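I set out to look up the side-chain contacts in this model and to record how exposed the partners are. My entries follow the display.

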Amino acid sequence: MTGATDVRSGAIALKDVENRSWATGYRGPVLIHASQRPDDITPADIERRFAVRLTGEQPRGGVIGMVEIVNCVRPHPSRWYAPDHFAFVLANPRPLPFVRWKGSLSLRAASAELLQLCALNGSEALAPDAADKIAS
């Protein structure tokens, strides 16, 4: 999972919240999906807004990692928080080998086929009740 570098410290800066217009009561592991189409924001806009510089080419249109949702709050002090949204608070991020997969906007149970593809690509063991989150 490629991340970003803090422009002030040089440290790796991974997102600690995911913004949504809706709340969730779900707590637990989620697969992270990178949308096929990037948002209408340039790398320069990202650097200016979040004080981070993207590292490397960002894979698109598939699963790129796994993280845990540990809370859902509004507001949140994270640099990544978007005002007037719910922040899914994230912990324990870990990259997974890229698996091309069609996404959709929601939290839902990961299909057995997707979990098998992730396992075949050398991912750590995935819980059968893992959900996948579509990050767009």
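I looked up Glu 18 and noted that this residue of the predicted model is buried, at 6% relative accessibility. Its salt-bridge partner is Arg 20, with 3.0 Å between the closest N and O atoms. I found Arg 20 buried as well, at 11% relative accessibility. I then traced a network of salt bridges that links Lys 15, Glu 18 and Arg 20.

I placed both residues in helix H1 (residues 43-50), three residues apart, or about one turn of the helix. Asp 45 is partly exposed at 26% relative accessibility, whereas Arg 48 is exposed at 62%.

I also recorded a salt bridge between Glu 47 and Arg 53, at 2.8 Å from N to O. Glu 47 is partly exposed at 27%, and Arg 53 is partly exposed at 44%.

I turned to the aromatic rings and found two aromatic pairs. Trp 22 lies in the loop between strands E2 (17-20) and E3 (28-34) and Phe 88 in strand E6 (residues 86-100), so the pair ties together parts 66 residues apart in sequence. I noted that Trp 22 is partly exposed at 33% relative accessible area, while Phe 88 is buried at 0% relative accessibility.

Finally, I located Arg 74 over the face of Phe 86, at 4.4 Å from the ring centre.

Conventions
Residues numbered from 1 in each chain as written. Predicted model: local features only at pLDDT ≥ 70, side-chain atom pairs only at ≥ 80, totals over all residues. Heavy atoms only, no water. Phe/Tyr/Trp six-rings, centres within 6.5 Å; stacked < 30°, edge-to-face > 60°. Helix = DSSP H or I, 4+ residues; strand = E, 2+ residues; numbered from the N terminus. Buried < 20%, exposed > 50% of the residue type's maximum accessible area, 1.4 Å probe, protein only. Lys NZ or Arg CZ within 6 Å of the ring centre and 35° of its normal. Salt bridge = Lys/Arg side-chain N within 4 Å of Asp/Glu carboxyl O.
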